[in-house]
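Thanks for coming. I have one structure to go through, and I will take it piece by piece. Please look at it first.

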Amino acid sequence: MSRRFIVLASIFQILLLWTSSATTAADVAQDCHGSAVCQQSRQVLIDPSLASVAGRTDFQAFASATRDDTSATIEVGSKTKDNAPATGWSFKQALKLSGPIGKNDSEADLATLEGLQDNVKLAYSASIRQHDADVVFRNTTKEEYNAALCRAHQLETLPGKSAPLIAPAFDCTKGELPDDAELYLDDLRAEGLRSLLDALDLGHGSFIYGVEATYAAEKKYDFITTESLTKQSEKHDGISLGAELGWLPYRWGIFFVGLSYRYEEGYKAQPEQDICAPFGEDLGALSCSKAAVGAPSKSKKQIASIELRRYFRGGSLAVNPRFSYDFENDVSGVRLPIYFLKDGKGALNGGLAAGWRSDTEDYTLSLFVGTMKNPFK
Amino acid sequence: MGKDVTVYFRGNVSSRVVRIDDEELKFTGETATAKSVPPGKHYLQWFGEATPGTTYEIGIKAPPEAVWNSGKRPVNPIGLYGGTKVFRINKS
């Protein structure tokens with residue numbers, strides 16, 4: 001399939017998605033009770049590719065299409081809300097089932113260097129989040145929260161006001177506020193915001209530590225032996241183990257940094273070749289077909305990745321560049337997803353992703369879209 | 001004798017914790033009710049994460065004395081929102 005065709009096909013699919021988005025406007029208005037609020041993106045850590053530890057915990061579905069293949073993923077998870085330790089930690093776990101749709105080509109997602117993508121996979125992931133904002137708040141008493149907001153508002157004079165909302169002489173330490181007090185975190189900038197974040201123990205941002213184990217189900221590999229050119233098949237499964245670290249530095253605006261390491265062990269089919277054999281009684285007539293020549297080879301990968309996630313224009317656009325390097329095979333890959341498609345509730349959940357990998361020097365352009373709706377609500 | 005206080009919250013946010021004093025409210029859709037809030041001075045407090053550029057609105061319905069709403073408020077550029085509001089319940 002030519003690259004030109006891929007680009008044209010992707011543009012066509014985007015136009016279709018735009019159209020389908022427009023038809024959901026009535027649903028959006030109904031869900032949001034006419035408020036424009038709901039029509040905007042809502043989640044700091046949305047991960048439409050379901051590839052990162054910094055994901056959501058409700059039911060999610062995801063589909064992607066590349067030039068050679070399509071794949072689908074569903075994920076369901078849970079997060080602790082109660083009984084969180086006083087340190088502000090929360091625990092999240094998820095089960096993810098994914099598999100290829102359509103062709104069985106092994107080059108489904110070139111730029112991430114993943115080697116198990118054409119197997120049906122079941123993955124379990126667990127992560128803990130340090131300084132989870134809502135857990136931190138749950139562990140903050142009424143008096144502590146009042147005192148933090150009170151002190152922060154003593155440090156700043158809001159636009160249009162001649163003095164701070166809380167007089168500098170007011171004693172904030174008791175956690176009591178004046179009878180008419182109405183204080184908003186959203187009013188604060190710079191000094192006041194830093195003071196509040198430090199008081200709530202959010203000054204260094206939120207950290208996420210995660211692990212993931214994946215089992216790739218057995219897959220049948222058909223091939224022709226190199227010695228006798230006879231048809232044979234083998235079945236092989238695969239595994240991967242990974243660890244991730246993420247950082248959401250509140251103080252610097254809304255972006256996310258993630259580091260990950262993954263070990264993979266699986267099998268890879270040999271490249272397909274044209275195999276021809278005599279056909280019929282006519283001399284010189286041949287019947288040809290494509291087949292892998294030789295048994296599948298064992299494949300090991302040790303992949304380290306770094307990703308950034310940044311929102312723009314009030315959450316209507318986001319980028320999520322990811323660089324990966326395979327130490328085992330000395331291969332690097334770059335993937336740049338751009339999110340600009342939204343689901344029915346206004347959350348970003350799709351767009352275009354460009355990719356490149358060093359060994360083949362091949363470029364890819366893929367379209368991805370997910371539903372991100374929770375059917376249990 | 002306390003009074004039931006209804007709190008409503010509108011906004012498509014990723015996390016939301018709302019409480020009256022130290023009691024976290026359980027929402028059904030947009031509203032939650034705190035039962036038998038005793039007379040006196042109280043604090044409505046809220047906090048959570050959302051995407052910058054979005055807005056939210058929070059309010060109290062306990063007429064006649066505790067009727068208030070924040071109006072549409074912007075989420076902070078760092079993706080957090082929150083606040084505290086003093087309200088009073090009179091003796092009936």
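Helices here are DSSP runs of H or I with at least four residues, strands are E runs of at least two, and both are numbered from the N terminus. Before I go on, this is a predicted model, in which local features need pLDDT of at least 70 and side-chain atom pairs count only at pLDDT 80 or more, while totals for chains, interfaces and linings use all residues. Residues are numbered from 1 along each chain as its sequence is written, and chains are lettered from A and ligands numbered from 1 in the order in which they are written.

Back to α5(A). Its buried residues are A:Gly192, A:Leu193, A:Ser195, A:Leu196 and A:Leu197. Buried means 20 or more other C-beta atoms within 10 Å of the residue's own; exposed means 12 or fewer, partly exposed is in between, and the C-beta atoms are placed from the backbone. Those buried residues pack against α4 of chain A.

Now α4(A), residues 142–155. From first C-alpha to last, its 14 residues reach 20 Å, close to the 20 Å expected at 1.5 Å a residue; the expected span is 1.5 Å times one less than the number of residues. Among its buried residues are A:Tyr145, A:Leu149, A:Cys150 and A:His153. What covers them? The cover includes β5 and α5 of chain A, together with β5 and β9 of chain B. Contact here means C-beta atoms, placed from the backbone, within 7 Å. The helix lies across β5 of chain A and β5 and β9 of chain B, at about 75° to β5(B). For that angle, axes are lines fitted to C-alpha atoms, for helices over the stretch in contact, and angles run from 0 to 180 degrees between N-to-C directions.

Those strands belong to an open sheet of five, in the order β5(A)-β9(B)-β5(B)-β2(B)-β3(B), with antiparallel pairing. β5 of chain A and β3 of chain B stand at the edges with a single partner strand each, so one side of each has no neighbour in the sheet. Two strands count as paired if DSSP finds at least two bridges between them. Inside the sheet, β5(B), residues 40–49, pairs with β9(B) over 10 bridges in the antiparallel sense. B:Gly40 is opposite B:Ile89 there.

The segment after β9(B) contains B:Asn90. Is B:Asn90 buried or exposed? It counts as exposed, because it has 10 C-beta neighbours inside 10 Å. Leaving out residues up to four places away in sequence, B:Asn90 touches B:Pro39 and B:Glu65. B:Pro64 is 26 residues from B:Asn90 in sequence, and their C-alpha atoms are 9.4 Å apart.

Chain B as a whole has nine strands and zero helices. Of its 92 residues, 45% count as buried. Of its contacts with a separation of 6 or more, 61% are between residues 24 or more positions apart.

Two strand pairs in chain A remain. β4(A), residues 121–130, has a covered face that includes A:Lys121 and A:Ala123, and an uncovered face that includes A:Leu122 and A:Tyr124. In a regular strand, side chains alternate between the two faces of the sheet. β4(A) runs antiparallel to β6(A), joined by 10 bridges, with A:Leu122 partnered by A:Tyr215.

The other pair is β14(A) and β15(A), antiparallel with nine bridges. A:Gly333 has A:Arg357 as its bridge partner. Seven of the 10 residues of β15(A) are buried, so that strand is largely enclosed by the rest of the structure.

How values were computed:
Two residues are in contact if their C-beta atoms, placed from the backbone, lie within 7 Å.
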